[in-house]
Amino acid sequence: MRESFFGFNVAVRGLYTAQRNLDIINHNVNNVNTPGYSRQQAVQTASRPISIYNGTGMVGSGSEVIGIERVRDEYLDIKYWSESVSYGEWEAKKALLSDMEVTFNEPSDSGFNTILDEFFSSLQELAKDPASEAIRTLVSERGVTVAKYFNSLATHFEELQIDVNDRIETKVSEINSIGAQIQQLNRQIYSAELDGNTANDLRDQRTLLVDKLSKIINIDANEVVVGKLLNGNEDKRFVITISGKAFIDHFSLSKLAVTQRSSKLNPDEDVPNLYDVGWEDGNKLVIRGGELKGYIDIRDGNEGENGSPVYAGIPTYIKKLNQFVQTFARAFNEGYIDYDNDGVLEDGTGHADGYGKGGTTTGVRFFTMLGEENKAVSSADFIDGEITIAGIADRYSNITAKNFSVSKDILDDFNKIATSDTIGEVGNIVNINKLIELRTNTQMFAEGAPEDFMKSVITSLGIDSQQAIRISANQAAIVKQIENRKLSDSGVSIDEEMANLIKHQQAYGAAAQMVNAMAEIYDILINRVGV
Amino acid sequence: MRITNNMLVNNMIYYVGNNLSRMESYQSKLATGKKISVPSDDPVVAARALKLRTDVSQVKQHKTNVQDALSWLEITESALSNVGAILQRARELAVQGSSSTATADDTKKIEQEVAQLRQQLIGIGNSTYAGRYIFSGFKTDTKLMNDDGTFAIGVDGDESIIFEIGISDNINVNVLGGDLFNNGGIATATSKGQLIQNMDDFLAALNTGDHNLISNAIANIDDDMNNLLRIRANVGARYNRLEMTSDRLDSDEINFTTLMSENEDVDQAQNIMLLKSEENVYKASLSGGARVIQTSLVDFLS
């Protein structure tokens with residue numbers, strides 16, 4: 001005996017199945033350009049067949065859609081997160097290093113080389129005509145240019161450090177905001193999935209947020225199974241940890257926070273009040289990667305000194321600039337150079353050993369520093385009564401690239417530029433000739449002459465920058481490749497969807513036709529049979 | 001591999017972007033003529049560029065120093081040549097005066113001329129170059145000699161004015177007053193140098209008209225001339241050395257400039273070829289990409 005309207009039911013199921021499929025195609029086509037979206041597929045099966053009593057077999061009862069799943073290879077997500085962290089770090093470094101590189105403005109006709117060159121040229125001219133007031137003014141002006149060059153470099157680096165510090169703060173609040181969104185999604189996904197469904201679109205959104213997070217900081221993201229739900233499904237909780245400590249654990253979020261440092265990390269190089277990044281609950285945070293690490297390495301990196309990151313960042317270059325101006329000023333003013341490399345300075349001839357035009361005393365320093373109200377300090381105030389080599393040399397640790405200046409004595413009276421080694425001999429150029437020789441004095445720095453030192457600074461920055469460019473390009477390629485694989489797996493293909501559209505459209509049409517056929521059958525049965 | 005529409009679009013953006021950035025690099029090389037614009041483009045080239053710039057600028061500075069040293073020595077040489085002419089004339093006069101035929105009247109006349117020559121010598125002792133006294137050692141703002149022929153200032157043997165004409169290569173450009181006027185000795189303030197003293201002795205001899213004394217002056221003047229010759233030979237040798245240095249610096253400048261150009265300048269012909277080829281790649285990638293991303297099955301469904 002057969003159910004009367006069995007055929008209708010089967011046909012209607014066909015209509016439903018086709019419609020559900022069309023809905024899914026519709027959704028896929030809609031989201032073809034949605035970031036992070038993974039295409040969805042109907043899980044379609046033949047519905048439960050009916051056994052026939054007399055043993056003739058089982059009769060099929062049509063089809064049904066029993067689930068909608070997203071097509072996603074979660075291994076690729078994990079792979080993406082682990083590569084994206086390094087991509088973020090080197091992208092950040094690349095941008096900042098190229099900014100630092102431009103500051104030096106080398107090789108060009110207006111960078112350090114040219115400036116130092118013009119300074120020494122003016123000294124050479126003065127040696128040829130030591131009485132000339134015009135040339136003395138020139139020397140003083142060119143000295144000011146050298147000082148100003150270092151002032152502006154140092155200022156630029158400080159501004160960059162402040163700027164990076166602000167970026168760090170922004171990134172930390174971005175991390176917290178992403179965290180809050182993920183926390184929200186965790187709630188939605190968990191409650192949506194309690195009955196065994198998969199919250200496809202919500203999961204896509206969450207993965208996209210984790211993608212973003214993985215570029216900013218090193219994370220480990222996992223779904224941890226903690227037990228079974230009442231209905232037998234696995235109870236899964238989504239956990240993100242940063243360097244071992246949970247950032248997000250299911251519904252709870254542990255935020256990051258910035259705090260102003262009470263004391264500088266690099267006492268001689270840093271600007272005050274930089275931020276430390278830590279956990280809001282006061283725990284220490286170790287940052288191993290991501291943009292945040294890139295920023296911190298550049299902002300704090302002092303080649304490991306003072307417990308700073310082992311990277312040549314802004315403090316390293318400020319340190320090098322300070323070292324340059326201190327050593328150069330010391331050699332130029334006093335003639336102190338460590339000739340035998342024993343760490344103790346030897347006294348040579350410097351500016352302070354000579355006499356100016358019409359001058360009767362020695363002891364005038366050409367370079368000192370800016371003091372109160374940004375006014376140049378005089379030689380006497382600068383040396384502050386010290387008379388021993390060690391004592392005087394120690395005074396030079398007060399000079400920084402930021403406050404480097406031509407001394408007040410020289411600025412006030414260019415006749416004090418010490419050309420002579422004897423009182424009252426205007427044509428005596430013994431002293432200035434000694435100063436000129438300093439330019440090629442290869443023992444002034446461990447790296448060699450002044451220009452060699454700066455060359456090594458600029459070149460090592462160039463090499464670091466080149467390294468950052470290369471690594472970030474490699475990482476970009478890797479990340480891009482993983483993205484492509486993700487798109488290949490999970491992306492929507494219009495062609496495919498259109499083909500499926502036609503397929504299901506046809507199926508729908510056919511099912512509808514079945515309804516018609518059934519209707520005709522019943523028409524015959526009801527209206528014509530036995531009438 | 002399954003290909004999706006967004007893959008096509010992303011790849012197109014990525015590759016077109018890469019092509020464009022390569023084009024940009026060739027274009028900037030074309031515009032600047034330099035291989036590198038920042039050190040990270042090629043740190044090795046950058047380091048060499050910095051070194052060569054220093055070398056070129058130093059050579060240029062040394063060239064101007066050599067020119068200045070040459071003019072200083074030219075002025076000195078012309079002063080010395082005047083001294084030579086004066087001594088020559090003085091010797092002629094001494095020979096005339098020492099002749100037994102010279103009358104007292106003649107020696108008086110000679111005396112007048114020699115007195116003039118003596119004044120000229122003092123004038124030469126106070127010659128200047130660009131306002132600086134060239135024989136005054138380091139005291140270039142002070143006259144070497146008083147009008148009476150005594151030294152106005154002391155000039156020690158170590159008052160050589162040294163110009164740098166190369167790295168660790170220096171030259172002394174001045175002749176010290178004592179060397180010339182005191183027969184290789186030093187000049188002491190208020191004392192009289194040998195040269196002037198000899199003139200004074202000569203004048204005194206002329207005044208007395210004593211032929212023997214006058215003929216003594218010939219020997220003295222010969223001594224003075226020998227001293228002068230020694231100095232002139234020395235100045236000439238320095239002048240020669242400067243000229244050779246100048247030639248060497250000229251060729252150094254050319255060499256360093258060539259090296260600098262080889263190091264950092266772009267081979268434009270090659271660069272333009274590369275730019276052209278890159279342009280083709282770029283256009284091809286655009287047109288290929290544009291075609292691929294436009295079409296889908298939608299276009300063929302009716």
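Which residue just after α13(A) takes a positive phi? In this predicted model, Gly530(A) does so, with a phi of about 70°. Residues are numbered from 1 along each chain as its sequence is written, and chains are lettered from A in the order in which they are written. Local features were required to have a pLDDT of at least 70 and side-chain atom pairs a pLDDT of 80 or more, whereas totals for chains, interfaces and linings use all residues.

The model scores ipTM 0.86 and pTM 0.88. For chain B the mean pLDDT (the predictor's confidence in each residue, from 0 to 100) is 92, and 100% of its residues reach 70 or more.

Chain A contains 13 helices and twelve strands; helices (H or I, at least four residues) and strands (E, at least two) are DSSP runs, numbered from the N terminus. Its radius of gyration is 38 Å, well over the 24 Å given by the globule rule for 531 residues, so chain A is more spread out than a compact globule. The radius of gyration is taken over C-alpha atoms, and the globule rule is 2.2 Å times the number of residues to the power 0.38. Along the principal axes, the C-alpha atoms of chain A fill a box of roughly 145 × 45 × 40 Å. Of the 531 residues in chain A, 42% are buried. A residue is termed buried if 20 or more other C-beta atoms lie within 10 Å of its own, exposed if 12 or fewer do, and partly exposed in between, with C-beta atoms placed from the backbone. Among the contacts in chain A with a separation of 6 or more, 65% are accounted for by residues 24 or more positions apart; a contact requires the C-beta atoms of two residues, placed from the backbone, to lie within 7 Å.

The domain assignment divides chain A into domain 1 (6–71 + 493–528), domain 2 (77–105 + 163–313) and domain 3 (112–156 + 315–461). Such bounds come from an automatic or database domain assignment. The centres of domain 1 and domain 2 of chain A, taken over C-alpha atoms, are separated by 46 Å. Between these two domains of chain A, eight residues of domain 1 are in contact with eight residues of domain 2. Strand β4 (residues 63–70) of chain A gives the most to the domain 1 side, with three residues. By class, that side divides into three nonpolar, three polar and two charged residues. Ala, Val, Leu, Ile, Met, Phe, Trp, Tyr, Cys and Pro count as nonpolar, Asp, Glu, Lys and Arg as charged, and the others, Gly among them, as polar.

Helix α13 of chain A (residues 494–528) has 35 residues and reaches 49 Å from its first C-alpha to its last, close to the 51 Å expected at 1.5 Å a residue. The expected span is 1.5 Å times one less than the number of residues in the helix. Glu497(A), Leu501(A), His504(A) and Ala511(A) are buried in α13(A), and the buried residues of this helix pack against α1 (6–30) of chain A.

Chain B has seven helices and four strands, arranged along the sequence as α-α-α-β-β-β-β-α-α-α-α. The C-alpha atoms of chain B fill a box of roughly 140 × 30 × 25 Å along the principal axes, and 35% of its 302 residues count as buried. Domain 1 (1–33 + 266–302) and domain 2 (52–260) are assigned in chain B, with 76 Å between their centres, taken over C-alpha atoms. Ser261(B) lies in helix α6 (residues 211–264) of chain B and is exposed, with 12 other C-beta atoms within 10 Å. The C-alpha atoms of Ser261(B) and Lys34(B) are separated by 8.8 Å, although these residues are 227 residues apart along the chain.

The contact between the chains takes 45 residues from chain A and 42 residues from chain B. On the side of chain A that touches chain B, the elements giving two or more residues are α2 (74–104), α3 (112–128), α11 (430–437), α12 (450–490) and α13 of chain A. Among these, α12(A) gives the most, with 14 residues. The side of chain A comprises 16 nonpolar, 19 polar and ten charged residues. In α11(A), the buried residues include Val430(A), Ile432(A) and Leu435(A). The cover over the buried residues of α11(A) includes α3 and α7 (314–334) of chain A, together with β3 (162–166) of chain B.
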